[in-house]
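Welcome! Have the sequence and the 3D view ready.

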Amino acid sequence: MDQDIQNKPEKNPDQPEEVLKDQEKHKGNFWSKISIPLLAIVTGLLIGAILIAATSPAVYDAFGESFWSGIKTAFSEIFISYKALFTGSIGDPVRIFNAIASGEKQAIYEAINPFLESLVQATPYIFAGLAVALGFRAGLFNIGVEGQLFIGAACATFVGYAVKGLPWIIHMPLAFIAGGLGGALWGFIAGFLKAKTGAHEVINTIMLNWIAFRLTEWLLSGPMTRPGSGGMPISPIIEESAQIPQFFPSPVRFHLGFFIALAFAWLIWWILFKTKWGLNMRTVGTNPRAAKYAGLNVNTTTMIGMALSGALAGLAGSIQILAVNRSMALGLSSGYGFDSIALALIGNNHPLGVVLSSILFGTLRNGATRMMVVSKIPIDIVSVIQAIILMFVAAPAIIRALYRLRKPKQEETTVFVSGWGGGQ
Amino acid sequence: MGIIELLISLLIFLVFVRTVAPDVVTTFVMTPGGIDIGTIGDWILPSRLTLIILGVLCLLISIFQLIKGFGRGTNGMVGLCALLLIFGFLTWQASDRSLNLAGMLTSAVLLAVPITLGAFSGLISERAGVINIAIEGMMLMASMVGALIGSITQNAWVGLLGAIGAAVLLALIHAVLSIKYKINQVISGTVINIFSAGMTAFISQKFLQTNQALNRPPLFPRVPIPGLAHIPVVGPILFNTNMFVYLMFAFLIILQVALFSTRWGLRHRAVGEHPKAADTLGINVIRTRYTAVLLSGIVAGVAGAFFTLGSVGRFDEGITAGKGFIGLAAMIFGNWNPIGSLGAGLLFGFADAIGSKLSLLGSKIPAQFMAMAPYLITMIVLAGFIGRGQAPAADGEPYDKE
């Protein structure tokens with residue numbers, strides 16, 4: 001592939017640099033870039049609030065009494081729920097203040113735990129979101145993050161408990177990377193099929209998801225089952241030498257993995273925007289035809305892109321096993337696969353954006369757990385809000401119409417291809 | 001393709017024939033349980049001889065394919081070989097035992113219903129140039145709403161209408177997002193899939209699980225068709241079954257005729273192939289596409305209703321289990337044609353049925369691997385056929401009227 005690049009003619013109008021200059025041009029000012037996602041989030045939360053009020057029997061009872069008390073009950077329901085969302089994800093300010101005043105270390109840790117727990121939740125999101133974003137940049141739609149994550153987690157778990165007697169400095173990275181390799185393999189299958197036969201990765205990655213679920217189900221109840229679990233699909237606990245350390249005493253779960261995730265976000269940014277290889281990949285993603293004329297090998301990029309994307313998804317599984325769960329069970333994922341698509345798109349497929357949106361959704365999901373306890377709102381409301389935010393981010397015209405924003409001079413370019421890829 | 005057929009025949013010879021004891025018979029029970037009209041006796045086949053015959057048939061097909069080729073019939077012949085392989089596999093697995101083949105076929109047809117309807121739903125919209133990967137989400141939402149409304153009214157028909165209404169509403173969102181706002185159709189579909197997964201889980205946990213009375217819809221009963229139900233083998237499987245099976249065939253005929261023999265169908269397809277030309281000829285591209293997506297929603301609604309009103313009788317989270325996506329694969333395998341989609345749907349349904357039946361039979365293959373079969377087959381089919389198929393030329397392209 002390197003040779004291909006060197007052979008390309010100089011000053012070709014379709015040269016990757018030229019193609020991408022357009023994109024760089026309307027980097028625009030910071031506000032215009034961030035206003036759409038921000039307004040989308042606000043609108044999503046507003047619609048979530050309406051959903052909370054509209055599905056609350058108490059509100060209907062109150063409306064039966066009088067219109068005014070209905071409105072009042074609706075607002076109090078929303079307030080209680082969103083307050084629980086806030087204290088569950090950021091922390092209770094009063095409690096934090098008291099803890100700091102008392103000066104007890106453990107009390108402080110536990111008071112800021114909601115915030116730290118949000119970061120714990122955000123960690124796999126960062127990896128999964130990066131996986132999808134990288135795919136999009138290469139013109140690939142990876143809906144298979146969930147399956148890649150399961151395979152990655154299974155690999156990491158296996159290396160985690162089956163390999164014994166290694167020092168931490170070797171064992172932990174080994175198990176971590178094993179997860180990445182597992183995910184990479186799972187992603188590569190879809191990339192290979194797309195490059196060689198033109199089969200669309202959307203369907204194939206979804207099929208691979210289901211195959212991965214069944215496969216891990218079989219692994220966990222068969223070859224990888226915990227001795228004495230009585231047929232429960234759960235793996236043995238990983239060796240201590242494979243664990244990613246948590247910083248604070250239990251119940252605070254905040255762990256080194258968050259910083260590993262940030263490091264990976266930086267690495268992906270560097271690869272995508274600072275290396276020739278990343279440039280080629282983005283060129284293939286924006287304009288495969290031009291990339292072909294420029295002498296880039298689209299098929300190779302597709303395969304590598306899909307494998308890399310899968311590797312990141314696999315690492316999301318690794319990190320969750322090695323740092324938090326410490327053994328693998330079937331309920332590993334709370335739907336990271338679809339969530340990650342929203343994360344990538346809301347983050348504009350940029351690693352920094354992905355980190356920010358991951359922290360946002362980690363926070364939301366963490367707070368939603370508390371909201372479920374306090375006001376019996378199913379945690380799946382997060383998915384609904386996510387879908388709505390995603391819709392607004394994908395169709396900025398709706399947000400602009402809602403908030404009377406002016407249209408930017410140049411419409412954003414969609415990054416990836418449409419159709420079933422048969423005509424490639 | 002000839003290579004695949006050759007491999008199938010080799011598989012039959014080298015694995016199945018070799019491991020079957022010479023004098024063993026396979027018994028196929030030819031009457032599904034609980035049916036008393038149109039019954040016949042069991043089929044008792046010598047396992048080994050049957051397998052040899054199947055192998056030879058595949059071999060002949062593969063040789064013909066390699067030398068002359070079947071042209072337009074290629075997909076069909078590969079499908080036939082796959083069927084022979086499945087039949088051989090069953091003969092092999094059930095040797096020295098008995099297997100209710102008719103019962104299996106009945107459940108295969110039922111399992112094929114959502115897949116085939118999903119494929120129909122997809123092809124209606126894609127023939128007009130709008131990719132619809134939201135079928136899964138529409139089906140999921142429809143099955144939930146169908147269960148909910150069916151339970152409240154205790155009327156399966158009202159439930160069905162509710163299901164269709166829900167799916168059409170989602171289809172409308174898909175249409176507005178992808179036609180009016182021209183956002184990438186795959187993303188628009190994903191929005192709907194995420195939304196449906198979240199919303200159905202939300203409502204299910206908030207209402208259906210806390211109040212079981214809201215999740216007990218009446219089922220559509222089995223309706224024997226007079227006369228036809230008495231035909232042996234075919235009768236019990238196709239004509240003494242669920243209303244949804246008849247609906248599936250009705251949709252097949254309607255679609256086949258409407259798409260390929262009416263002016264409406266010609267216009268519809270023109271919009272999918274070359275919207276600009278169609279526009280020049282005075283066809284309203286935008287309206288045609290809206291109609292297509294909404295019709296696609298109706299069919300997806302019926303498919304979704306099948307889960308809760310036609311087969312399971314209650315809603316569970318994620319009840320559709322990827323059937324909508326398999327339906328899309330069936331559409332591609334079926335070359336965006338109703339008849340082909342039905343064939344592919346039946347094949348996938350069959351693969352599904354085998355998995356559940358064989359685990360009952362005490363097969364040594366773990367149940368999880370059997371459950372992978374439909375997904376694996378989908379991937380193989382996609383890999384083998386996508387380049388050959390004729391996707392509508394403007395599939396996935398938003399239309400910009402200058």
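Domain bounds here come from an automatic or database domain assignment. This is a predicted model, in which local features need pLDDT of at least 70 and side-chain atom pairs count only at pLDDT 80 or more, while totals for chains, interfaces and linings use all residues. Residues are numbered from 1 along each chain as its sequence is written, and chains are lettered from A and ligands numbered from 1 in the order in which they are written.

**Exercise 1. Find the domains of chain B and state what separates their centres.**

Step 1. The assignment for chain B gives domain 1 (2–96) and domain 2 (108–370).

Step 2. Taken over C-alpha atoms, the centres of domain 1 and domain 2 of chain B are separated by 30 Å.

**Exercise 2. Work out the strand order of the open sheet in chain B, and which strands stand at its edges.**

Step 1. Helices (H or I, at least four residues) and strands (E, at least two) are DSSP runs, numbered from the N terminus. Two strands pair if DSSP finds at least two bridges between them.

Step 2. In chain B, 3 strands form the open sheet in the order β2-β1-β3, with mixed pairing. Because β2 (43–46) and β3 (98–100) of chain B each have a single partner strand, they stand at the edges, and one side of each is left without a neighbour in the sheet. From one strand to the next, the twist averages 25 degrees.

Step 3. Now take the pairs. β1(B) and β2(B) run antiparallel and are joined by 4 bridges; B:T27 has B:I44 in β2(B) as its bridge partner. Strand β1 (residues 25–29) of chain B pairs with β3(B) in the parallel sense over 3 bridges, and B:V29 stands opposite B:N100 in β3(B).

**Exercise 3. Which helices of chain B lie on this sheet, and at what angles?**

Step 1. Axes are lines fitted to C-alpha atoms, for helices over the stretch in contact, and angles run from 0 to 180 degrees between N-to-C directions. Two residues are in contact if their C-beta atoms, placed from the backbone, lie within 7 Å.

Step 2. Helix α2 (residues 47–67) of chain B lies across β1 and β2 of chain B and runs at about 75 degrees to β2(B). α4(B) packs on the sheet too, touching β1 and β3 of chain B, and its direction makes about 35 degrees with that of β3(B).

**Exercise 4. Is B:T106 buried or exposed?**

Step 1. A residue is buried if 20 or more other C-beta atoms lie within 10 Å of its own, exposed if 12 or fewer, and partly exposed in between; C-beta atoms are placed from the backbone.

Step 2. B:T106 lies in helix α4 (residues 101–127) of chain B. Because B:T106 has 24 C-beta neighbours inside 10 Å, it counts as buried.

Step 3. Look along the chain as well: B:N240 is 134 residues apart from B:T106, yet their C-alpha atoms are separated by 9.6 Å.

**Exercise 5. Describe the largest nonpolar core.**

Step 1. A nonpolar core is a set of buried Ala, Val, Leu, Ile, Met, Phe, Trp, Tyr and Cys residues joined through C-beta atoms within 7 Å.

Step 2. The largest one has 257 residues, and those with the most contacts inside it include A:F127, A:L130 and B:M138. Its largest share, 16 residues, comes from α4(B). At least three residues come from each of domain 1 (2–96) and domain 2 (108–370) of chain B.

Step 3. Leaving aside neighbours within four places in sequence, A:L130 is in contact with A:F264, A:A265, A:I268, A:L312, A:P351 and A:V354.

**Exercise 6. Summarise chain A, then its contact with chain B.**

Step 1. Chain A has 19 helices and 0 strands, and buried residues make up 53% of its 424 residues. In helix α16 (residues 336–346) of chain A, 11 of the 11 residues are buried.

Step 2. The contact takes 38 residues from chain A and 45 residues from chain B. α7(B) gives the largest share of the chain B side, 16 residues.
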